[in-house]
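I opened this entry to look up the ligand sites and the metal site. My notes follow the display.

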Amino acid sequence: MKLQTLLSRLPGFWVHRGGNPDIVALEMDSRHVTPGSLFFCLKGFTVDGHDFAEQAVARGAAAVVAERPLAVDAPLVLVPDSRRAMAILADAFYGHPTHRLHLIGVTGTNGKTTTTHIIDQIARKAGKKTGLIGTVGIKIGARSYPAANTTPESLVLQRTFKQMIDEGVEFAAMEVSSHALHQGRVHGCDYDVAVFTNLTQDHLDYHGTMDEYRNAKGLLFAQLGNRYDERRPKFAVLNHDDPVSQYYKHMTAAPIITYGIRTKSDVMAEEIAMTPSGMAFRLCTPHGSAVVETKLVGLFNVYNMLAAAAACLASGFSLETIAAALRDVEPVSGRFETVDEGQNFTIIVDYAHTPDSLENALKTVRQFAKRNVYVVIGCGGDRDRTKRPLMAQVAVRHADVAVFTSDNPRSEDPQQILRDMEAGVSDQDGRYVTIPDREEAIRYAIRQAQEGDVVLIAGKGHETYQIIGGNVIEFDDRAVARAAVRERT
Ligand SMILES: CC(=O)N[C@H]1[C@@H](OP(=O)(O)OP(=O)(O)OC[C@H]2O[C@@H](n3ccc(=O)[nH]c3=O)[C@H](O)[C@@H]2O)O[C@H](CO)[C@@H](O)[C@@H]1O[C@H](C)C(=O)N[C@@H](C)C(=O)N[C@H](CCC(=O)O)C(=O)O
Ligand SMILES: Nc1ncnc2c1ncn2[C@@H]1O[C@H](COP(=O)(O)OP(=O)(O)OP(=O)(O)O)[C@@H](O)[C@H]1O
Ligand SMILES: N[C@H](CCC[C@H](N)C(=O)O)C(=O)O
Ligand SMILES: [Mg+2]
């Protein structure tokens, strides 16, 4: 596509200096630039992309989009906001792919990955070829790709949607993080259904206050197509049991579908029963009701299933298809995943890394633990410091033995992170030990465990690495736990 043709899709005020080359690719990272690319200079949190324009041109960039004049040997497009220009031009360059996809966006503090996976499983049961974007990676049909972020930058997103369209995908579900909403990574995504799971404390390092965090997530609902088109209706799916939903209701013009357990809602779970091998409940909807038996555990997973069911009803799937898919739902990697090496106690690896999710996970474990509950838990470095003492409190309150350890210390001193955790608890609160080395901590808990105990290893779930300083070291809680059990025997 010619640069001028592409720029004709960019509304507003901008200045173009130089020629009209063919643009064959869009890039925002100079290291990925190939000949014929249009390079976007983005001001980041760490460096300023404008400083890499020269390098991009040296690698063959055909033109550069920037917010200030640069001495580069290539046509230059000056815009007031290159991130916004990138979202608009990526959407145009790839042919507005989300206009041709049925797209569901899921936001909330906890449950996004789980809910999007359940939605994906329902859509596949209904015979759709699907796409999925989130923390665990990107999936297009049967193929998986790694992803650096839960919600990628607009350019990567639009490119991914285009690939989905090219491969015959018609239905996609994605996680929408608060960071992505705040940074405009999802500008241009034409969602059909926007889903809210819940809001509890996380990411205050980034958003500063809970109000700012709530507002960032609210952008998903505020940006949901503000027009009524009966050929492509939009829906906001809200958790009625979470008071923040009342706020989001006012942020959107879209019809609302509510779900809940405690508050009268459109989609509800009744007669909830925890069984030794999972849960059962009656899924009640405006289209009738159906009994669902599932191997997923934890009341929070009933919420995730209700959110997914409501989103899929809004998407036109029948109650029968939804209920049948829910019965067959497979757990997500690293979410309440059991490690079974034939030991006479239970080991669970889970991704809980917030006070609320840790409390939910521990309460769920309590429901079936015959004896003591051990929890191995750390807090991520370069992330919300204020959640550390709260997570420690939850751990000692709900477990018999808490083992405080490391979880991706990143650039921080692991000992300081542990001190932040310990500040939340006193010796009277319960038993805890501090073992900074995560492998040692897991081994300790597994060595202590007796018949009937449960060891919950929380925080890293599916992650197969540990970030220490600038190094990414291979580390998998499940593999470490398996080895620790073998060591006992
Ligand atoms: C705080 C934050 O959001 N950071 C994101 C941001 O990085 P950054 O601002 O530091 O980027 P930068 O390194 O300063 O680079 C600025 C620009 O220069 C370019 N550059 C840089 C170096 C170079 O040699 N050449 C070059 O062109 C970069 O490509 C970029 O365009 O832009 C990057 C590219 O899109 C993101 O990968 C990165 O996410 C980092 C990895 C991150 O940890 N983000 C977390 C906080 C996050 O976003 N998490 C949410 C999930 C949260 C949840 O679900 O709980 C997520 O959606 O992932
Ligand atoms: N609806 C829920 N409410 C509270 N806790 C939940 C819920 N669903 C899952 N959890 C807990 O939170 C953990 C993370 O779940 P999941 O990965 O689905 O959330 P997420 O929102 O995608 O997280 P992230 O922000 O890291 O992407 C799970 O391992 C479980 O312990
Ligand atoms: N999406 C979350 C993941 C946290 C996972 C945990 N293992 C950690 O490193 O803190 C975040 O970026 O805050
Ligand atoms: Mg996730």
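I count a polar contact as a pair of N or O atoms within 3.5 Å; within protein, one atom must be able to donate a hydrogen and the other to accept it, and residues adjacent in sequence count only if both atoms are side-chain atoms. The model is predicted, so I note that local features need pLDDT of at least 70, that side-chain atom pairs count only at pLDDT 80 or more, and that totals for chains, interfaces and linings use all residues. Residues are numbered from 1 along each chain as its sequence is written, chains are lettered from A and ligands numbered from 1 in the order in which they are written, and side-chain values use heavy atoms, with hydrogens and water left out.

**Ligand 1**

I looked up the polar contacts of ligand 1 and found one of its oxygen atoms 2.6 Å from a polar backbone atom of Phe 45. A polar backbone atom of Thr 151 is 3.1 Å from an oxygen atom of ligand 1. For Arg 185, an N or O atom of the side chain is 2.9 Å from an oxygen atom of ligand 1. On its own the ligand exposes 1,100 Å², and the protein buries 77% of that; such areas come from the Shrake-Rupley method with a 1.4 Å probe, and for residues only the protein chains shown count as cover.

I then listed the shell, taking a residue as near if one of its heavy atoms lies within 4 Å. There are 23 residues around ligand 1, and Phe 45, Thr 46, Asn 149, Glu 153 and Ser 177 come nearest. By class I get six nonpolar, 11 polar and six charged residues. Here Ala, Val, Leu, Ile, Met, Phe, Trp, Tyr, Cys and Pro count as nonpolar, Asp, Glu, Lys and Arg as charged, and the others, Gly among them, as polar. Ligand 1 lies between domain 1 (3–93) and domain 2 (97–328), because both give residues to its shell; the bounds come from an automatic or database domain assignment.

**Ligand 2**

The shell of ligand 2 has 20 residues, with Lys 112, Thr 113, Thr 114, Arg 335 and Asp 350 nearest. Three are nonpolar, 12 polar and five charged. Domain 2 (97–328) and domain 3 (337–488) both contribute to this shell, so ligand 2 lies between them. I found a polar side-chain atom of Asn 304 at 2.8 Å from a nitrogen atom of the ligand, and one of Arg 335 at 2.8 Å from an oxygen atom of ligand 2. The protein covers 95% of the 640 Å² of accessible area that ligand 2 has on its own.

**Magnesium ion**

Which residues coordinate the magnesium ion (ligand 4)? I find Thr 113 (OG1), Thr 135 (OG1) and Glu 175 (OE), at 2.1 to 2.2 Å. Donors are N, O and S atoms within 2.8 Å of the metal (3.2 Å for Na, K and Ca); water is not among the atoms, so sites may look incomplete. Along the chain the donors follow the spacing T-x21-T-x39-E. Thr 113 and Glu 175 are both buried, meaning under 20% relative accessible area, with exposed over 50% and partly exposed in between (1.4 Å probe, protein chains only).

**Ligand 3**

Among the residues around ligand 3 I list His 203, Tyr 351 and Arg 383. A nitrogen atom of ligand 3 is 2.8 Å from an N or O atom in the side chain of Asp 407. The protein covers 86% of the 360 Å² of accessible area that ligand 3 has on its own.
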